[in-house]
Amino acid sequence: MRAYAFLLLFLAQALAFPRLGLHEGYTRLVFDLSPSATYQIAQTPDTLTLRFSGVAAAASDTDVGSPQVASYQVVPGANGATVFVRLKPNVEVKTSLLTDADRRRLVVDVLSVAPVPAPKPAVAATVPRPRPQPIVVVLDPGHGGVDPGAVGFVVEKEVTLDLALRVRSLLQARGLEVILTRGRDTHLSPDKATDLGMRAEMAHSKRNLFVSIHVNSAPNVAQGIETYYFGHTIDPSLLAQVIRENGGGELGQRLTREAQSVAERLVRDLIAQSNLRFSRLLAQQVQGALLEATGAVDRGVRQAPFYVLRNARIPAILVEVGFANHPVEGRRLQTSEYRQALAEGLARGILRFLSNGGALAPALP
Ligand SMILES: [Zn+2]
């Protein structure tokens, strides 16, 4: 019986795509390939994307949680599969193709490297624009009124408002000025595009930073926290989520296309890129502080074309604090204790950003 179980385990490992190995200082992903299989690799700071042709792989979404890799996702396609590897900060990727007899293996090692220093005031010093005093934080509780957002064990619009009110208290106690896009259960406009546009306009240059708060939902049993800053994505699973947050259906698709084309334009805009670097720093600080405060699963810092972030003139992020429909996390989100932990994490992340150069982040004109 034990031998049988061992054999099953061996087979499961042998058939896994990729095979995963956790080592001191690095995480290894091994992809077994047929002689005819081909692949392409692309990398952004947060995601390594591998496109395979001529392989058969089952869909999966796997939390790794190593110091180098948050998770990986396998998305089967017509004649192959795409694998998205979510990288943690401060890693380097090395790949090698090993061939012996009729075996081919693509070995991807994700190694820890020394942290890149955070953007220092030196970046801001090139733009001699003093920032307003006191510091003004804009908090955007997602959805509201006619739009409940995600519904599961909790209703998204209720959780986001409660969290924003808690974070406001914590930040006001530290001397910051806080503006909410909504302070009660209301929409800003019954038309979702107008509603998101009005929220986005509050991220203007007289303020210091913008945090949009959301609760996630997923058809599978995903859980954990993820933080976004604005940018382009080709990740299909991410786009489905972005379309939902951008209003869903036809409207969500249209607003997502608009936001994607803004993101493509920003790639060549150096001033916008400088603001995005501060947004990324804000996202990293908030994500780190939220994980410390809650012990939740780390789904990483990513870029995506959220409509509400597209015109921000100041560092701006969107936080998904957990999954409304996850049987454990959804129920945790019901409790006052967990919401307070989330609020403290959000507030701490914002304060850390401000004290790490974020208070000097220049606003776009
Ligand atoms: Zn939402």
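# Exercises on a predicted model

Thr160 has its place in helix α3. Keep in mind as you work that this is a predicted model.

## Exercise 1: Thr160 and its surroundings

Decide whether Thr160 is buried or exposed, then find what its side chain reaches and what Thr160 touches.

Solution. 
- Step 1. Start with the accessibility: Thr160 has a relative value of 0%. Buried means under 20%, so Thr160 counts as buried.
- Step 2. Next, follow the side chain of Thr160, which reaches the backbone oxygen of Lys157 at 3.2 Å.
- Step 3. Finally, set aside residues up to four places away in sequence; Thr160 then touches Pro141, Gly142, Arg182, Ile213, His214 and Val215.

## Exercise 2: The zinc site

Find which residues coordinate the zinc ion and where Glu156 and Glu245 lie.

Solution. 
- Step 1. List the donors: His143 through NE2, Glu156 through OE, His214 through ND1, and Glu245 through two OE entries, at 2.0 to 2.5 Å from the zinc ion.
- Step 2. Write the spacing of these donor residues along the sequence, and you get H-x12-E-x57-H-x30-E.
- Step 3. Now place the two glutamates: Glu156 is in helix α3 (residues 156-172) and Glu245 in helix α5 (residues 236-245). They are 89 residues apart, so this pair links distant parts of the chain.
- Step 4. Check their accessibility too: Glu156 and Glu245 are both buried.

## Exercise 3: Aromatic rings

The structure holds 5 aromatic pairs.

Solution. 
- Step 1. Phe17 lies in the loop between α1 (2-15) and β1 (19-23), while Phe52 lies in strand β4 (residues 47-53), so the pair ties together parts 35 residues apart in sequence.
- Step 2. Look at burial: Phe17 is buried at a relative accessible area of 13%, and Phe52 is buried at 4%.
- Step 3. Phe31 sits in strand β2 (residues 26-33), 21 residues from Phe52 in strand β4.
- Step 4. Phe31 has 0% relative accessibility, so Phe31 counts as buried.

## Exercise 4: Lys206 and confidence

Where is Lys206 placed, and is Lys206 buried or exposed? Then ask what average pLDDT the protein chain has.

Solution. 
- Step 1. Locate Lys206 in the loop between α4 (192-201) and β12 (209-216).
- Step 2. With a relative accessible area of 61%, Lys206 is exposed.
- Step 3. Compare sequence and space: Lys206 and Arg313 are 107 residues apart in sequence, and their C-alpha atoms are 9.0 Å apart in space.
- Step 4. Turn to confidence: the protein chain averages a pLDDT of 88, and 92% of the residues score at least 70. Over residues 122-129, however, the pLDDT is below 50.

Methods: Residues numbered from 1 in each chain as written. Predicted model: local features only at pLDDT ≥ 70, side-chain atom pairs only at ≥ 80, totals over all residues. Heavy atoms only, no water. Phe/Tyr/Trp six-rings, centres within 6.5 Å; stacked < 30°, edge-to-face > 60°. Helix = DSSP H or I, 4+ residues; strand = E, 2+ residues; numbered from the N terminus. Buried < 20%, exposed > 50% of the residue type's maximum accessible area, 1.4 Å probe, protein only. Donors = N, O, S within 2.8 Å, 3.2 Å for Na, K, Ca; no water. pLDDT = per-residue confidence, 0-100. Contact = heavy atoms within 4.5 Å. Polar contact = N/O pair within 3.5 Å; in protein donor to acceptor, adjacent residues only side chain to side chain.
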